[in-house]
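Thanks for coming, everyone. Please take a look at the structure before I start talking.

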Amino acid sequence: MEITHQQSQASQGNVDQQYLTFIMGEEEYGIEILSVQEIRGWQNTTVLPNAPAHIKGVINLRGTIVPIIDLRQRFGITELTYGPKTVVIVVKIELEQSHKVIGIVVDAVSDVIIVDDENLRPTPDFGLETDIRFIKGLSSINDAMVILLDVHLLLGNEMLPSASQLSSIINQLEIEPESTESI
């Protein structure tokens with residue numbers, strides 16, 4: 001008897017997904033851990049001219065120019081002064097024929113959680129005025145609500161300069177590569 005892929009998945013039950021959770025303001029958010037490349041402390045960026053306010057600039061991460069986006073500003077949450085707990089989560093966004101590496105500034109990283117399909121609740125409908133396409137759903141973890149984000153929808157269409165535009169800007173600004181020496 002041959003078992004098809006679909007039957008095999010059905011017999012395994014729900015698929016658990018891991019999310020990295022982080023804090024912004026009073027809320028906890030989560031993104032799929034497989035999209036996270038690394039977590040870094042806040043560092044100053046090179047500001048790009050004429051960029052929207054939520055794009056804080058770029059950093060050179062081992063030869064890759066990474067745009068840095070402040071999610072507080074992107075979501076319209078009150079700005080906060082960056083401190084020792086402020087982190088940048090570097091994520092890799094898969095596009096149709098390429099990928100983007102983007103850093104998102106958040107208040108603090110919280111935890112890694114596991115969410116199965118049964119515990120993933122749909123996002124309530126707020127009407128046409130509110131864009132919630134990038135919210136994958138909600139999950140209740142330890143009596144707290146976690147907003148699960150789809151980073152591909154949230155950041156995949158972000159209006160960022162192309163790689164050639166970034167190279168041109170970097171050459172004009174003469175950004176030094178980040179030091180990889182240990183302290």
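By the rule I use here, the count comes to 4 salt bridges. A salt bridge is a side-chain nitrogen of Lys or Arg within 4 Å of a carboxyl oxygen of Asp or Glu.

Before we go through them, some ground rules. This is a predicted model, numbered from 1 along each chain as its sequence is written, and local features need pLDDT of at least 70, side-chain atom pairs count only at pLDDT 80 or more, while totals for chains, interfaces and linings use all residues. Side-chain values use heavy atoms, with hydrogens and water left out. The score itself, pLDDT, is the predictor's confidence in each residue, from 0 to 100.

Take K136 and E32. Their side chains meet in a salt bridge at 2.1 Å, N to O. K136 lies in strand β9 and E32 in strand β2 (residues 27-32), so the pair ties together parts that are 104 residues apart in sequence.

Next, D107 and R72. Their salt bridge spans 2.8 Å, N to O. This pair links distant parts of the chain: D107 sits in the loop between β7 and β8, R72 in helix α2 (residues 71-75), 35 residues apart. D107 is buried, with a relative accessible area of 16%. R72 is buried too, at 9%. Salt bridges that share partners also join E38, R40 and R62 into one network.

**The overall layout**

Now step back. How many helices and strands does the protein have? There are 4 helices and 10 strands. Helices (H or I, at least four residues) and strands (E, at least two) are DSSP runs, numbered from the N terminus. Along the sequence, the pattern reads α-β-β-β-β-β-α-β-β-β-β-β-α-α.

Of the 183 residues, 38% count as buried. The accessible surface of the protein comes to about 11,700 Å², and 49% of it belongs to carbon and sulfur atoms. Those areas come from the Shrake-Rupley method with a 1.4 Å probe; for residues, only the protein chains shown count as cover. Now contacts, meaning heavy atoms within 4.5 Å. Among contacts with a separation of 6 or more, residues 24 or more positions apart account for 57%.

**One sheet**

Strands of a sheet pair through backbone hydrogen bonds, either parallel or antiparallel. For this talk, two strands pair if DSSP finds at least two bridges between them.

Here 5 strands form an open sheet in the order β3-β6-β7-β5-β4, with mixed pairing. β3 (36-41) and β4 (55-61) stand at the edges with a single partner strand each, so one side of each is left without a neighbour in the sheet. Neighbouring strands are turned by 30 degrees against each other on average, direction ignored. Axes are lines fitted to C-alpha atoms, for helices over the stretch in contact, and angles run from 0 to 180 degrees between N-to-C directions.

Look inside this sheet. Strands β5 (residues 64-70) and β7 (residues 99-106) run parallel, joined by 3 bridges. I68 stands opposite G103 in β7.

**Another sheet**

An open sheet of 5 strands has the order β8-β1-β2-β10-β9, again with mixed pairing. Its edge strands are β8 (108-115) and β9 (135-141), and each pairs on one side only.

β9 and β10 (residues 144-149) pair in the antiparallel sense over 6 bridges. S140 stands opposite M145, and L138 stands opposite I147. The hairpin of β9 and β10 has 2 residues between the strands, and N142 takes a positive phi near 50 degrees. On to β2, which runs parallel to β10 with 4 bridges. There, I31 faces L149 as its opposite residue in β10.

Last topic: confidence. The mean pLDDT of the protein is 77, and 72% of its residues reach 70 or more. Which element has the lowest mean? Helix α1 (residues 5-12), at 36, while β3 has the highest, at 95. Over residues 1-14, pLDDT stays under 50, and the model has 5 contacts there beyond four places in sequence. Residues 179-183 are also below 50, with 1 contact beyond near neighbours in sequence. Where pLDDT is low, the predicted coordinates should not be read in detail.

Technical notes. Buried means under 20% relative accessible area, exposed over 50%, partly exposed in between (1.4 Å probe, protein chains only).
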